[in-house]
Amino acid sequence: MIVGLERFPDAARAARRDMTLQEALSGLRGGLVAQRAAAKSKTPDFEAMRDHARDIRSHTLDHLDLYLAAYIAKAEANGISVYVAETADEARRIIGEICEASGARVVTKGKSMVSEEIGLNGYLAGLGIEAVETDLGEYIVQLRGEAPSHIIAPAIHVTEPQVEALFRRVHRDLAAVRRLDRAVDLVDEARRVMRERFLAASVGITGANFLVAETGSAVVVTNEGNGDLTANLPSTHVVLASIEKVVPTLADAMALLRVLGRSATGQDMTAYTSFFSGPRRDGETTGPTAMHVVILDNGRSALVGGPFEEMLSCIRCGACLNHCPIYTAVGGHAYGSVYPGPIGAALTPHLAGLQAAHHLPEASTLCGRCEDVCPVRIPIPRLLRQWRERAFEQRIGSAFSRRLLRLWVRLALQPRLYGAVMRLLVAGLERFGRRSGRFRWLPFATAWTRERDLAAPQGRTFQQLWAERQRGVEP
Amino acid sequence: MTRASVLARLGAAMSGDLNARRAAVAARFQYRPRYQPTFAEGSGPLSVSKFVERLVARAAEAFEIASLADLPGLVTRVADGGGQMPRLVHGGSQVFAGLSWEGVEIVASARAGAEIGVSLAVAGVAETGSLVIASGVGAPIEIAFLSDTHVVVIERAAIVATLEEACDRAFGGQLPPRALSFMSGPSRTGDIGGRIVLGAHGPKRLIVVVVGAA
């Protein structure tokens, strides 16, 4: 669940000092970021695909009530039991009852951010039901007793040697001489343990990337195939999804899948993209005999038609996390939210309240890379600014920062005064910093200079340079 | 009832005339966009060779045979039984049950631990190099996930250009198949140290067999 949001500044500082975490995060730029860039360069119509994806999402949100009703009708006609849950608590209870009715002691789980949001595993444990995460990254963080730190790469903060130590500690039947120092050995070991669980579970719980109204299908995207083993092997399949996952047609789902894989991992299609459309049919000898779909609201319907509606367009690709200077500096756990990174900073104040989560919209340079890479073009910087404005209106935040902001507003609203103060400041800094061109320490800016130098200004302000350029003087 | 209250709240938040919105939704279900992908690498129409090329680029192995009768021989050649006779599961469909299998032990259920699983794809997608496999009578989809080696047979004529065309082939029936998967390479993970490893939970080898004259 959502804990420790108020601690963001301390948690971020601690994350910067955690060298193991920093090493793990350093792989992002050469990994997921480079993979997306390569996929983009191989896809000439990528920008048009993104426009189309954005249009699908906004069309769906404009008629979400009708598409949700259409999905439910179609799914029920396919033999699926559909439930709508208003709150996290209601969703937990529904799933708990389904598990108890099928006598489940062990349930397997495909990766589901919504199940993290509602704290499902802890609830099931309270009922005496063991929930086994089957996505390898989720399995690793579950064994570590942690939350995922990334929405598509849950264990991105964990290094290979840490996984080896973890498996040696937890997998008790593992021989000491067994080689586990390569990623491939670790994957084989997880596969061995997990295979027994897949075959033993009587209920499988997955999330859904999309719910297709046209066919009543739940779409589950994975690379490992764990979602399919979770959904196909047990006698009961439960899908947990939130209301905004609905898309109108198969063609719309395909258009969104084209941008999802490319944005997430640089793949034009993940290894497995699966459509689950009901329980076992007449004559079939395998597959679940019951399929349930639990659709969660948890405050989302209140966003529709309002200034934060675009948050519901998110398809959870994780690109905004990978490209964010804040996320890549502090990792996901510092946020203290199930949903970290830029989209998490926009979404969490709605889920947890602005009072608790006000640090997250502030933890942004508003550089705009998140919006640049978002497959459905969510204006995340604008959403973050809206939260900041609300926080100021509601007198949230320290009195000191509010006083500084007020001072700044006074200055910024008087162009002549602003220009004069800036000229003085920039000229002074230029003089003091002339020798080395940079400051290793600067009063009032120690938070900056503790980790890096501050480049000294070149003598003239932006406004001066701009005015010169307008007059045709080359700088 | 929660369902009604959530739907009503959503409805109240919507702007626009309800009848006009109903018409827009009905029109959407009739609309069949025809996507024509363009690709930077290579040119020319999306073809069988593109389909194979894309799958092979994602670590699948590809073979072509003239007729289904050649399948058992091919499987025996490429299968690695580790010195023992490999066990094979095909689900019992007419397509595979009628073939004369040799050098393999046919087992009835994928859960019995067969090294080789054989499936028939309902479509192939050249755009993405994906095989489309549907569950059905005599075709348990678990075969595709439980064996170390997954052999997928696809008729040359079932290979289409785009994801949308594949959907038209796969979802044509009265009811959609219970489960249907677009498979684009063997099972893989990047969850440990960001390194890609094949064979995470599902098959370690994906072997594609295109059947029919070129």
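In which order do the six strands of the open sheet in chain B stand, and is their pairing parallel or antiparallel? I found the order β1-β12-β7-β4-β2-β3 in chain B, with parallel pairing, where two strands pair if DSSP finds at least two bridges between them. I noted that helices (H or I, at least four residues) and strands (E, at least two) are DSSP runs, numbered from the N terminus.

Before going on, I wrote down that this is a predicted model, in which local features need pLDDT of at least 70 and side-chain atom pairs count only at pLDDT 80 or more, while totals for chains, interfaces and linings use all residues. Residues are numbered from 1 along each chain as its sequence is written, chains are lettered from A and ligands numbered from 1 in the order in which they are written, and side-chain values use heavy atoms, leaving out hydrogens and water.

**Sheet of chain B**

I looked up the edges of the sheet and found β1 (61-65) and β3 (105-106) of chain B, each of which pairs on one side only. Strand β2 (residues 87-89) of chain B is joined to β3(B) by two bridges in the parallel sense, and Leu88(B) has Ile106(B) as its bridge partner in β3(B).

**Sheet of chain A**

Here I found an open sheet of six strands with parallel pairing, in the order β1-β10-β7-β4-β2-β3 of chain A. Its edge strands are β1 (81-85) and β3 (130-133) of chain A. Within chain A, strand β4 (residues 203-206) and strand β7 (residues 236-242) run parallel and are joined by four bridges, and Thr206(A) stands opposite Val239(A) in β7(A).

**Strand β9 of chain A**

What does β9(A) pair with in chain B? I found that β9(A) and strand β9 (residues 179-183) of chain B pair in the antiparallel sense over five bridges, with Ser181(B) as the bridge partner of Ser274(A). Strand β6 (residues 217-222) of chain A is also joined to β9(A) by five bridges, and these two run antiparallel; Val221(A) has Thr273(A) as its bridge partner.

I then checked how covered β9(A), residues 272-276, is: five of its five residues are buried, meaning under 20% relative accessible area, with exposed over 50% and partly exposed in between (1.4 Å probe, protein chains only). Tyr272(A), Ser274(A) and Phe276(A) point one way, whereas Thr273(A) and Phe275(A) point the other way. In a regular strand the side chains alternate between the two faces of the sheet.
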